[in-house]
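Subject: Structure handover

Hello,

Please find the structure below, followed by notes on what was found in it.

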Amino acid sequence: MRIVNIVGARPNLMKIAPLMEAMRRRPGIGPVLVHTGQHYDARMSELFFHDLGIPAPDHYLGVGSGTHAQQTAQVMTELEPLFTELRPDVVLVVGDVNSTLAAALVAAKLGIPLAHVEAGLRSFDRTMPEEINRVVTDALSDFLFTTERGAADNLRREGIAESKIFFVGNVMIDTLLRHRDRAESLGMPERYAVRPREYAVVTLHRPSNVDAPEALAGLVDVLAGLQERLPIVFPVHPRTRNRLTATGLWSRLDALPNVRLTEPLGYLEFLGLVAAARLVLTDSGGIQEETTILGVPCLTLRENTERPVTIADGTNRLVGTAPERIQEAAARVLSEPPTNGRRPELWDGRAAERIVEVLASPVVAETPA
Ligand code: UD1
């Protein structure tokens, strides 16, 4: 059985790692890995292959950056002949990036069964490119693997048949649990001259936060205030670096005595850094889930989340992007005792195994392409 797995951007890599491993262990499954090249900097891609022991991609499409239409179309144009040649039994996509959407469209139009890992998450905010990618990918998928129970409600509401939905847990947490000890042994706090549980980690990359200069300036003000209370380590995403530089805000941040700006970190380095933090401020989706397991309070700098289980059963708080609200929430967290890790249902390190079990079942092997 040939399963063609698609990755394109950084957050796809920690999701595909345990799946590739589980597929390679399973007799009768031949996994093929395709990297679209949506992310191409070594620190956004290669480093993660290395840290997570992902085999080198069988096919690299070298698509790179562009507008949404350009990027999506380019991935589609490259994938169509490749899928025609490879004749996969299943195409598997993860997450919600443009490469996920592009691969889903090509597979569906070629009549190839499509599996979506991390299906059914909804922010109900169509101004987020990822929300459009999620809705379309799910509509086209034959196997929808979900990370939290509420996701199935979202899918049913959109008319997805119950028989296509599989609640399996969270493959990103498979990866976290597997690498946590190694990450914590790296001594990341010392590397930035901060003490465990006495610093904050910040990540920002959503277009809504970083592309609008006023929004970005407001967030820089928040960091300027927060660093007076505790040091901040801020690994800067390339999109954010470009925006900070273009708006002149980079030099302002860099001049703050308690802010350490760094390049994007590798998987193990970042996990080691977050695991020992007192607080995380982020607009990432995945980090809301990682902090939940690690027991680190997370302030999500967005107006909505597609991952509500991280609030109900985790350490996440949705605080929006208004500077005063973020400052208040940070002050509240710092006045509370440190939290413990929480474990949402089925976030137990075995999600990839469950997915492979479903895909390897005889019913799937007989699905006509
Ligand atoms: C993409 C995903 C987003 C995900 C994020 C994680 C979409 C729509 N967005 O956003 O869901 O959370 O990845 O990182 O798919 N760039 C580089 N080097 C790289 C990659 C990008 O310098 O290796 C710069 C380029 O200037 C590029 C910009 O970052 O134009 C944005 O990259 P892009 O892949 O379009 O979106 P992300 O913001 O990374």
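Helices (H or I, at least four residues) and strands (E, at least two) are DSSP runs, numbered from the N terminus. This is a predicted model, in which local features need pLDDT of at least 70 and side-chain atom pairs count only at pLDDT 80 or more, while totals for chains, interfaces and linings use all residues. Residues are numbered from 1 along each chain as its sequence is written, and side-chain values use heavy atoms, with hydrogens and water left out.

The ligand

The ligand is surrounded by 17 residues, the closest being His39, Asn98, Glu130, His205 and Arg239 (a residue is near a molecule if one of its heavy atoms lies within 4 Å of it). Helices α3 (68-86) and α11 (238-246) each give at least two residues to this shell, and α11 has the largest share, 3 residues. By class the shell holds 5 nonpolar, 9 polar and 3 charged residues. Here Ala, Val, Leu, Ile, Met, Phe, Trp, Tyr, Cys and Pro count as nonpolar, Asp, Glu, Lys and Arg as charged, and the others, Gly among them, as polar.

Histidine 205 places an N or O atom of its side chain 2.8 Å from a ligand oxygen. Taken alone the ligand exposes 740 Å², and the protein buries 87% of that (Shrake-Rupley method, 1.4 Å probe).

A salt bridge

There are 27 salt bridges, each a side-chain nitrogen of Lys or Arg within 4 Å of a carboxyl oxygen of Asp or Glu. One of them joins glutamate 21 to arginine 178, with the closest N and O atoms 2.5 Å apart. This pair links distant parts of the chain, since glutamate 21 is in helix α1 and arginine 178 in helix α7, 157 residues apart.

Regards

How values were computed. Polar contact = N/O pair within 3.5 Å; in protein donor to acceptor, adjacent residues only side chain to side chain.
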